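Dear colleague,

Please find below the structure that I am handing over to you. My notes on what was found in it follow directly after.

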Amino acid sequence: ASSLRLLLEGRLLEKHQNLASAGVKDDCSVEIVKDQRLVLTASHDGTAKIWRADDGKCVRTLSGHSNAVNAARFSSSGLYVATASLDQTAKLWMVSTGNCEATLHGHTGSLVSVDFSPDDALLVTASSSDNSGRIWNLQSMACQTILAGYELNSARFTADGWKVLTACSWYDCALLWCAKTGNILQRFAPHDAAVLHSCVSHDASTVATATWDGALIL
């Protein structure tokens, strides 16, 4: 049976280690693509890197942002990577070449989150500085919907691709939005502290939120 291992700063973690004992910090971003056995990391040095999980070798360095990369995510197909940066832009990269295919401008504050829709047709970006999220059409590279009025710490598409779940820090809530209209469909509140992250189960039956005071709420 095949297995996957995590990579931290070019070093494969031992099987007995967990993320805390390995020294993973709050500003680390790590992701694994199971089919391709690749690991994607985002860094304060302004780059994202793609690593081979089998031997820990860096196979691509994605350079082009002028400030720290806060988030990086593989597309569902595994063909692309999207990055979100403090430089107020998101970038779309080709995994096979490492080339930047597009730079998305429109936010007026640093970006903290990025996510592909399940069919890779859309991209959602979120900013905790300009109080908005933006949904981009990846065929035209145009912003088609703005999620306005809330400081957003994260934004993720639901499994059907029709909705976006966001964590709203200063409003101590999570919000479910319609990806097409930008209207708020549901509010998950109250919380006792700022909501830092939120996610929804694949069947959309459960929402989980993580808060500043260390709570995980279902």
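Strand β7 and strand β8 (residues 80-85) pair in the antiparallel sense over five bridges; strands are DSSP runs marked E of at least two residues, helices are runs marked H or I of at least four, and both are numbered from the N terminus. Two strands count as paired if DSSP finds at least two bridges between them. Within this pairing, F74 has V81 in β8 as its bridge partner. Both strands belong to an open sheet of four strands, with the order β7-β8-β9-β10 and antiparallel pairing. Because β7 (69-74) and β10 (100-104) each have a single partner strand, they stand at the edges, and one side of each is left without a neighbour in the sheet. On average, neighbouring strands of this sheet are turned by 15° against each other, direction ignored; the axes are lines fitted to C-alpha atoms (for helices over the stretch in contact), and angles run from 0 to 180 degrees between N-to-C directions.

Please note that this is a predicted model, in which local features need pLDDT of at least 70 and side-chain atom pairs count only at pLDDT 80 or more, while totals for chains, interfaces and linings use all residues. Residues are numbered from 1 along each chain as its sequence is written, and side-chain values use heavy atoms, with hydrogens and water left out.

As for the protein chain as a whole, its secondary structure comes to one helix and 21 strands. Of its 218 residues, 46% count as buried (under 20% relative accessible area; exposed is over 50% and partly exposed in between, with a 1.4 Å probe and protein chains only). The chain exposes about 10,900 Å², of which carbon and sulfur atoms supply 49%; accessible areas come from the Shrake-Rupley method with a 1.4 Å probe, and for residues only the protein chains shown count as cover.

A further open sheet of four strands has the order β15-β16-β17-β18, with antiparallel pairing. Its edge strands are β15 (152-157) and β18 (184-188), each of which pairs on one side only. The twist from one strand to the next averages 20°. Inside this sheet, β16 (residues 163-168) and β17 (residues 173-178) are joined in the antiparallel sense over six bridges, and V164 has W177 in β17 as its bridge partner.

Strand β16 also holds L165, which counts as buried because its relative accessibility is 0%. Leaving aside residues up to four places away in sequence, L165 touches several residues, among them S154, L176, F188 and V207 (contact means heavy atoms within 4.5 Å).

Which aromatic pairs does a search of the whole structure find? The search finds one, where rings of Phe, Tyr and Trp (its six-membered ring) pair if their centres lie within 6.5 Å, and planes under 30 degrees apart count as stacked, over 60 as edge-to-face and the rest as tilted. The rings of Y150 and W177 have their centres 6.0 Å apart and their planes at 80°, so the pair is edge-to-face. Since Y150 lies in the loop between β14 (142-148) and β15, and W177 in strand β17, the pair ties together parts that are 27 residues apart in sequence. Y150 is buried at 15% relative accessibility, and W177 is buried at 1%.

Finally, strand β19 (residues 195-200) and strand β20 (residues 207-211) run antiparallel and are joined by five bridges. V195 has T211 in β20 as its bridge partner. The two strands form a hairpin with six residues between them, and A204 in the turn has a positive phi of about 65°.

With kind regards
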